[in-house]
Amino acid sequence: MMKIPRKFLSYLQFQKALRFLQLQSRDAGGNIKQLRCVTSGPAASTTSSDLIEVFGKFYCRDDYTNITPKILSKVGKSLHNQRNHPLWLIKERIKKHFYTQYLNRNRNPMFSVYDNLSPVVTTEQNFDSLLIPVDHASRKKGDNFYLNQTNMLRAHTSAHQHDLIRAGLNAFLVVGDVYRRDEIDSSHYPVFHQMEGVRLFSKHELFANVKNGEELCIFEKGCRTPCKQERHTLEAVKLLEFDLKQTLKKVMIHLFGKGLEIRWVDCYFPFTHPSFEMEIKFQGEWMEVLGCGVMEQRLVDSAGAQGKIGYAFGLGLERLAMILYGIPDIRLFWSEDERFSKQFQVIDIDQKVTFQVKKLF
């Protein structure tokens with residue numbers, strides 16, 4: 001890397017030269033490269049800086065930076081958007097279900113889908129907007145990939161929840177790659193893919209099909225219990241919980257077929273209450289496939305949707321694809337071997353596919 005003797009350049013000249021080097025940091029394919037900008041002279045130890053480029057934007061390294069070149073190489077792959085990839089098939093099947101089963105008064109899909117949002121988010125988006133405490137274990141450097149103290153690769157698609165609600169959306173799905181520091185084995189990989197779903201209800205929408213629904217309320221000044229938040233009425237929460245569970249049950253039946261055994265387990269998430277995990281019975285064993293719950297009202301209000309109540313859910317595409325297609329190792333999703341990819345070249349996304357390991361050898 002060439003060195004720029006800053007003491008011989010004006011500030012504007014220095015900035016122009018720096019910008020030139022930044023532009024040169026991209027390869028012919030526009031892929032992410034790391035740029036090290038070095039200055040010489042007496043102030044070199046304090047003015048030198050490391051920059052990381054992701055999607056044409058530059059981020060300064062600091063003590064929080066722990067992202068590796070290996071992880072950077074995965075950013076932008078978007079397996080869930082590669083046609084006929086098993087993760088794409090799962091995404092498209094779920095998307096088709098929501099597009100056809102949930103329509104508004106104009107017979108248009110109620111849920112909008114966002115599957116190309118940048119995985120680079122702020123720590124505020126990833127944690128603070130979801131009411132995750134400052135001292136919560138999920139913020140640890142050992143669990144996340146930080147570009148610097150204020151920017152990171154999203155640890156969950158929930159990081160976009162606040163912004164999309166603030167944009168005025170009441171029903172949406174977010175699909176994308178998420179990043180968590182994890183030991184690699186057959187069922188764990190530091191990059192995987194999630195689908196986030198959110199639906200908000202006004203009082204009219206929630207009680208529309210309830211007799212004397214106009215007399216019921218969403219909010220009250222009450223106490224928090226294991227069944228509800230302090231600001232929600234029990235009637236509102238029970239209706240919302242029923243709709244949430246029925247919605248997700250239909251998704252799983254759409255994927256796995258009728259006769260699927262499902263059970264619900266109470267759990268805890270910082271951004272929902274009450275919260276639940278869905279488990280399905282597969283090959284004689286119960287397996288957790290998603291988490292969900294009634295959104296914390298503080299989160300909904302802070303995003304500008306006062307007067308509404310909502311639910312959120314999140315599911316892992318790899319987990320579903322491994323069960324549905326019989327894929328034994330999560331690392332196979334990153335395979336570029338056509339003997340893997342060809343097995344998912346189907347005409348109809350609902351076509352039954354069973355992965356055959358022997359075809360790899």
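This is a predicted model: local features need pLDDT of at least 70, side-chain atom pairs count only at pLDDT 80 or more; totals for chains, interfaces and linings use all residues.
Residues are numbered from 1 along each chain as its sequence is written, and side-chain values use heavy atoms, with hydrogens and water left out.

Strands β9 (residues 262–269) and β10 (residues 272–282) pair in the antiparallel sense over seven bridges, pairing being assigned if DSSP finds at least two bridges between two strands; helices (H or I, at least four residues) and strands (E, at least two) are DSSP runs, numbered from the N terminus. A hairpin of two residues joins β9 to β10, and arginine 263 has glutamate 279 of β10 as its bridge partner.

The largest pocket has a volume of about 1,100 Å³. A pocket is here an open set of points, on a 1 Å grid over the protein atoms alone, where a 1.4 Å probe fits, with protein on both sides within 12 Å along at least five of seven lines, and lining residues have an atom within 4 Å of a point; the volume is the space filled by probe spheres set on the points, which are joined across faces, edges and corners. Of its 43 lining residues, Ala155, Arg180, Phe192, Gln194 and Glu288 are the closest to the centre. β11 gives the most to this lining, with six residues.

The second largest pocket holds about 690 Å³ of space and is lined by 20 residues, with Met110, Arg199, Phe201, Glu205 and Leu206 nearest its centre. The largest share of this lining, four residues, comes from α7.
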